[in-house]
Amino acid sequence: MRYVDLAVAALIGASSVTGIIAWTPRVGDGASDSARVTSQLRDELLARLEQKGTVWLISSSPDEICAYLNGISNSSVTFSASIGSHLCGPIPSEGVALASLTLVLIPYRVVLEAWPDAQP
Amino acid sequence: MAAAVIFSVILASNFAVFFASQDRARLYFQANAEDALADEALALAGAAGTNLLERVQTFVDSRIFNCSQASGVISTAVGQLNDSRTAMNVTVDAFASMTPSAAAGDNLTMLAPFNGSSYGALDVSFEAHMSGSTGSDFASYSKKENHLMHLPVKMDAAVADCLGAAQGIEMGVSSSLAPNCALPEIGPLITTFVRGPAALASTDGFMFGLRFNVTSSSPCTVRYLVSIEQGSIPGPGGEFRVRMQEGGLASFEE
C-alpha cells in the first residue's frame, strides 16, 4: 500500500513538474521582451530620422545614406536600409527583433531597419 | 493525498502565472503594434509634408507673379495640393493650405529646417489624416494632425518693396511736370522716384529691376514695370527663386 502511495505521489509530482516546464511563464516573458526591444529600436530609428530629416533623405544619394547608417551602427544595434533597389548593411539573422520604418519618398521608397546584435 | 494537494496548488499557481504572462505578452504585442502604426504614420506624414512643400517650391519657382496678386495666386494653388501615401498598413492623406504669416514651432522635426512657420515667409500648413490597422484588427490607429512648415521666401517684404516702388512711380509721375516727354529726360526722373524702394529692396536681399518706355506724349505717359527677385532660396528640392513684378501706366502733370 505504501509503495502504491509513493508511486501515485511520484506520478502526480512528475506530471506537475512536466506541466510547469511546458507552461512556463518564461515563454510570455521572452515574447514581451522581444516586443519591448522592437519598440525601442523603432523609437531609435524615428529619432535618427528626425535628426537627419526627410529633406536630407531625398537630397542624398543611396551611398551617402548607407554610409551614415554604417557610421551609426555599433556593437549593440545594426542599422540597414533599402533605398529603391539599392540595399545596404548586413542582412538580419532569422528571428531577430527587427524594427523598420518605411518612407514613401520621391525619388525612392526608403525602408530603414534596425536590430540588436545580441538577442535579449 | 498530501502530494496531490501540494502539487495541484503548485500547478494551479503556475497556470495562473502562465496565463498572466501570456496576457502581458499579448498587451505588449498590442502596444508594440499600435506604436509601430503611430511611428509609421509619423514617418509617412513627414514624407507627405516634404512632398507638398517641394510642390509649392516648384510652383513658386516656375512663375512670375504680379506683386499685388502673388499671395492670392499662391494661396489658391497651395489649397489645391494634396498627397496620399501608404506603407505598412498605414495610410496618410495630407491636405495643404496657406496659413497667415506667423512664427510658430512644429513638432514634426523631420521636416527641418522647414518645420514650423516663420514670420514674413511663405507659411504652409497641412492636415494629415493618418489611419492604419494590423491585418487582423488586433491594433488600429487613427489620428488627425495639423503641421506647419515654410519656405524661406521673404513674401511680405517682396510684395511691400514691389508695391512701394510702383506706388513711388505713380505718385512721383502724377505730381511732376515732364520737362520734355523723351526718355533721356524722363528716365533719370523716374529713377529718382524709386531710389528709396530700390535701396530698401537691396537691403532686404532682393534684385530690383525697373523698365519703362514712353507710350504717348500728350499727356506724357509712361509704361513702367517694377520687378523683384529673391534668388538662391534653399528649399526641399534644392535652391529656387521667386520673381514678381508690378506694372502700370502713369501720366505726368500737364
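For contact I used C-beta atoms, placed from the backbone, within 7 Å. Buried means 20 or more other C-beta atoms within 10 Å of the residue's own, exposed means 12 or fewer, and partly exposed lies in between. Helices (H or I, at least four residues) and strands (E, at least two) are DSSP runs numbered from the N terminus.

I note that this is a predicted model, in which local features need pLDDT of at least 70 and side-chain atom pairs count only at pLDDT 80 or more, while totals for chains, interfaces and linings use all residues. Residues are numbered from 1 along each chain as its sequence is written, and chains are lettered from A and ligands numbered from 1 in the order in which they are written.

**Helix α3(B)**

I listed the buried residues of α3(B): B:Met155, B:Ala158, B:Val159, B:Asp161, B:Cys162, B:Ala165, B:Ala166, B:Ile169 and B:Val173. I then checked the length of α3(B), residues 155–174: at 1.5 Å a residue its 20 residues should span 28 Å, and the end C-alpha atoms are 28 Å apart, so the two agree. The expected span is 1.5 Å times one less than the number of residues.

**Domains of chain B**

I took the bounds from an automatic or database domain assignment; they give domain 1 (12–149) and domain 2 (156–251) of chain B. The C-alpha centres of these two domains lie 42 Å apart. I found 17 residues of domain 1 of chain B in contact with 15 of domain 2 of chain B. On the domain 1 side, α1, β1 (64–66) and α2 of chain B each supply at least two residues, and α1(B) gives the most, with seven.

**Contact with chain A**

I found 36 residues of chain B in contact with 30 residues of chain A. On the chain B side, the elements giving two or more residues are α1 (2–61) and β2 (82–87) of chain B. Here α1(B) gives the most, with 27 residues.

**B:Leu81**

I located B:Leu81 in the loop between α2 and β2 of chain B. B:Leu81 is partly exposed, because 18 other C-beta atoms lie within 10 Å. Leaving out residues up to four places away in sequence, B:Leu81 touches B:Leu52, B:Arg55, B:Val56 and B:Ala96. The C-alpha atoms of B:Leu81 and B:Thr50 are separated by 12 Å, with the two residues 31 apart along the chain.

How values were computed: Two residues are in contact if their C-beta atoms, placed from the backbone, lie within 7 Å.
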